Amino acid sequence: MSIAETYFPNEPAGPELKTPVPGPASKAKLEELSTVFDTKAVSFVTDYYNSIGNYICDADGNKLLDSYCQISSIALGYNNPELLKTAHSEEMAVALCNRPALACFPSTDYYDILKEGLLSVAPEGLNRVCTAHTGSDANEMAFKAALMYQANKQRGGKSFTDEELSSVMENKLPGTSDMVILSFEKAFHGRLFGSLSTTRSKAIHKLDIPAFDWPKAPFPALKYPLDKYEAENKEEEERCLKALDEIIANYPTKVAAVIVEPVQSEGGDNHASAAFFQGIRAITKKHDVIMIIDEVQTGGGGSGKMWLHQHYDVVPDIMTFSKKMQNAGFFFSEEGLAGDQPFRQFNTWCGDPSKALIAKTIIEQIKANDLLKNTAETGDYLYNKLESISLKFPEKMLNLRGKGRGFFIAFDLTSGATRNQLLAECKALGLNIGGCGDQGVRLRLALVFGVKHADILADIVEKAFAKL
């Protein structure tokens, strides 16, 4: 019995289509919702009561195999019985009805929830956690941690001066800071004010919003297949690392932190080698810069390891997370990164015990059912299926990537318009699939996705390519 069958004995054998997607009921619901809520980005209105396992159900009763999973946020499939059990528990009811201001009034069981949940899968070298609300929030808190930590070092651990205390109230130096956070071209780190200044994937994300004048470094543009372009790709990564080193060394103010995604997700599922990330780590240590790895979209087991950066044998100073964990925050080890005084890294809730309980259950199920192994093995199987398709359509399916990275598989098409056509064809055939970057297609599967689902996905993708 497969893992999905263990959880979901009533999961459909394949997509079930009753109407076009979106159908009349979905369109009617969308029209109604649009009178009170922004629906411009809606794909279809979803019936979450009848979504199950790896299948998402829309308002018309269509059930599509879901390879997008709420933008990489579903870990155990829809309506997973173990998550529903947690949702109906007394612990959940207490957490929801008495949502605590954790920084001031943490619950008696919060240590145990964290120890048995998030901290049990903390990445190597990072044994503390700061919980947050969203991925953007987690990154902004990480920025604050790095900036305050570096400022405290420059201050020599001394108290604030009267000039700092007065000038900061006018948003001026020396109370504020001229230190910066460096990100990479095509990066995506969120849509809040600080995180948006490090996001560089699409103009539409940033237009009309004031931004910090923070630096960016080039991210490697690898050529595929990797084994054919080893020399060229090595040269490209070395070029980017040299540029990073020079930017940090020559920047007019202190670079407090460098933030990087293990795979640039929204920006086009751009990959790089372990050597590249090890190079970033070496450069940040050389210049006394905090290294932040953003695992908001890549973390939670989808790569076949709990955290994708674990494929690279690198230990950052801070690692942020969200999405598949159904929780958010950052891991760290250096005590000073938690802030040197109360109320500096602070908000009313500082996370949410109810979400930490969900994360704990997800982690328990990953361990109990060896879901990382399932992801790695099914990912290899699926990659081979897609590689065969790429050989049939070499002029249409480009730059297949993600071998050995579990479900972090992506490919490009010749243009954004062609990519969008492929997504529409897949949806018409019963596969919900997502794009990224200008012309990329990315997979963001649940950890309970198995071989039988891989066969269905590959069959639909091949049929969609044949229609282009």
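**Two crossing helices: worked exercises**

The axes of helix α14 (residues 416-428) and helix α15 (residues 451-467) come within 9 Å and cross at roughly 125 degrees. This is a predicted model, where local features need pLDDT of at least 70, side-chain atom pairs count only at pLDDT 80 or more, and totals for chains, interfaces and linings use all residues. Residues are numbered from 1 along each chain as its sequence is written, and side-chain values use heavy atoms, leaving out hydrogens and water.

**Exercise 1.** Describe how α14 is oriented to α15.

*Solution.* Start with the crossing angle, roughly 125 degrees. Now compare it with the classes: under 35 degrees is roughly parallel, over 145 roughly antiparallel, 65 to 115 roughly perpendicular, and the rest oblique. So α14 is oblique to α15.

**Exercise 2.** Find the residues that make the contact (heavy atoms within 4.5 Å) and sort them by type.

*Solution.* First look along α14, which contributes Q421, L422, E425 and C426. Then turn to α15, which brings I460, V461, A464, F465 and K467. Finally, sort them: six are nonpolar, one is polar and two are charged. Here Ala, Val, Leu, Ile, Met, Phe, Trp, Tyr, Cys and Pro count as nonpolar, Asp, Glu, Lys and Arg as charged, and the others, Gly among them, as polar.

**Exercise 3.** Now step back and describe the whole protein.

*Solution.* Begin with the secondary structure: 15 helices and 14 strands. Next, the C-alpha trace spans about 70 × 60 × 45 Å along its principal axes. To finish, buried residues (under 20% relative accessible area, 1.4 Å probe, protein chains only) make up 53% of the 468 residues.

Technical notes: Axes fitted to C-alpha atoms, helices over the stretch in contact; angles between N-to-C directions. Helix = DSSP H or I, 4+ residues; strand = E, 2+ residues; numbered from the N terminus. Buried < 20%, exposed > 50% of the residue type's maximum accessible area, 1.4 Å probe, protein only.
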